[in-house]
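Biologist: I would like to learn how to read a model feature by feature. Please show me the structure and take the features one at a time.

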Amino acid sequence: MIEGIHVVRGMCAIGAGLAVGFAAIGPGVGQGFAAGSGADAVGKRPDASGSITTTMLLGAAVAETTGIYGLVVALILMFVKPFG
């Protein structure tokens, strides 16, 4: 028989998977767009490749924070006991 706590723990596991899954889509798209735009900019202005690369890496780091937040939410859902 399924009791209430088992349903809550099951939903927490599903929520953790969704949190990581959806939070991984944004950084993947953001980093791909940043890398593509950075490569395009270096192709147009090779003399400014240092500042373009620095800006691109900073943007990738900011985009990755979304994935880290999703991981933190998933860890909280998995390891914090909701009712006991």
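Biologist: Is Phe22 buried or exposed?

Modeller: Buried means under 20% relative accessible area, exposed over 50%, and partly exposed in between (1.4 Å probe, protein chains only). Phe22 has 59% relative accessibility, so Phe22 counts as exposed. The residue lies in helix α1, a helix being a DSSP run of H or I with at least four residues, while strands are E runs of at least two, and both are numbered from the N terminus. This is a predicted model, in which local features need pLDDT of at least 70, side-chain atom pairs count only at pLDDT 80 or more, and totals for chains, interfaces and linings use all residues. Residues are numbered from 1 along each chain as its sequence is written, and side-chain values use heavy atoms, with hydrogens and water left out.

Biologist: How are two packed helices described?

Modeller: By the angle between their axes and the distance between the axes. The axes are lines fitted to C-alpha atoms over the stretch in contact, with angles from 0 to 180 degrees between N-to-C directions. Helix α1 (residues 4–44) packs with helix α2 (residues 49–79) at about 175°, and the axes are 7 Å apart. The two are therefore roughly antiparallel, the word for angles over 145 degrees; under 35 is roughly parallel, 65 to 115 roughly perpendicular, and the rest oblique. By class, the contact of α1 with α2 has 20 nonpolar, seven polar and one charged residues. Ala, Val, Leu, Ile, Met, Phe, Trp, Tyr, Cys and Pro are nonpolar here, Asp, Glu, Lys and Arg charged, and the others, including Gly, polar.

Biologist: Which residue is 39 residues from Gly67 in sequence, and how many Å apart are they in space?

Modeller: Gly28, at 8.9 Å from C-alpha to C-alpha. Gly67 is in helix α2 and counts as buried, at 19% relative accessibility. Met78, also placed in α2, has its C-alpha 6.1 Å from that of Ala13, 65 residues away in sequence. Met78 is partly exposed at 40%. Leu77 of α2 is 68 residues from Arg9 along the chain, with their C-alpha atoms 8.6 Å apart. Leu77 has 30% relative accessibility, so Leu77 counts as partly exposed.

Biologist: How many salt bridges are there?

Modeller: A salt bridge needs a side-chain nitrogen of Lys or Arg within 4 Å of a carboxyl oxygen of Asp or Glu. The count by this rule is two. Lys44 pairs with Asp40, the closest N and O atoms being 3.6 Å apart. They are separated by about one helical turn because they sit four residues apart in helix α1. Lys44 is exposed at 64%, whereas Asp40 is partly exposed at 44%. Asp47 and Arg45 also meet in a salt bridge, at 4.0 Å from N to O. Asp47 counts as exposed, with 67% relative accessibility.
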